Amino acid sequence: MRTAKATAAVLVAVPLAFGGLASPSHAQDASPGPSGTFGPGCSALSQKVNTARDRVMEAAAAYPQLSQLVSAVVRARLNGTLDGKPHITVFAPNAQAFQKVTASQLTSLLGNEGQLKKVLTYHVVNKQITPNELSHGSFTTVEGSKLTTSGSGTTFKVNGKANIVCGNIKAANATIYVVDAVLQPPS
């Protein structure tokens, strides 16, 4: 059943990566949720979803705001790799993050599997990062470059640019921090 749900979500998500970049906006609340999540964008993600027992890709597929990320991961053939890693952190770009990428840049990225893998693995760290570690964090990504986090309370940035709009979402093998920009590894 879980595999069927994840497959169905991917089948819906793949067409979205090529055309549906718009997403509804919702009222936002910055206070920490009962599950330990925090950030102004958490209300845009369905808080009724419990992903703590799901592997990271099934967990991400449960949130419509992450459908384009899920689609890109499947396109890059990284879903099995990410689901197989224990204790990772994913800085997951939401729909608004993909809206900031031009159509030509997105088409180019989706058409180059090597570059797509490089960009996507730059969003993943091989350890579960706690909210306490975000204040002045520096982490090596699966891609191999450094990624930094800064901030306090419930307001954090990644690389000084991307905002963590919803943080500390739990999956069986991962912690997910939703960000409002697609992160680019250093050249």
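Reader: What do the buried residues of α7 pack against?
Author: They pack against α3 (67-75), α6 (103-110) and β2 (124-125), where contact means heavy atoms within 4.5 Å. Helices (H or I, at least four residues) and strands (E, at least two) are DSSP runs, numbered from the N terminus. One caveat: this is a predicted model, where local features need pLDDT of at least 70, side-chain atom pairs count only at pLDDT 80 or more, and totals for chains, interfaces and linings use all residues. Residues are numbered from 1 along each chain as its sequence is written, and side-chain values use heavy atoms, with hydrogens and water left out.

Reader: Which residues of α7 are buried?
Author: In α7 (residues 113-121), those are Leu116, Val119, Leu120 and Thr121. Buried means under 20% relative accessible area, exposed over 50%, partly exposed in between (1.4 Å probe, protein chains only).

Reader: How many aromatic pairs are there?
Author: The structure holds 3. Rings of Phe, Tyr and Trp (its six-membered ring) pair if their centres lie within 6.5 Å; planes under 30 degrees apart count as stacked, over 60 as edge-to-face and the rest as tilted.

Reader: Why is the pair of Phe38 and Phe156 called edge-to-face?
Author: Their centres are 5.6 Å apart and their planes sit at 65°, so the pair is edge-to-face.

Reader: And what makes Phe91 and Tyr177 stacked?
Author: Here the centres are 5.7 Å apart and the planes at 20°, so stacked it is. Phe91 is in strand β1 (residues 88-93) and Tyr177 in strand β7 (residues 174-179), so the pair ties together parts 86 residues apart in sequence.

Reader: How do you know that Phe91 is buried?
Author: Its relative accessible area is 0%, so Phe91 is buried.
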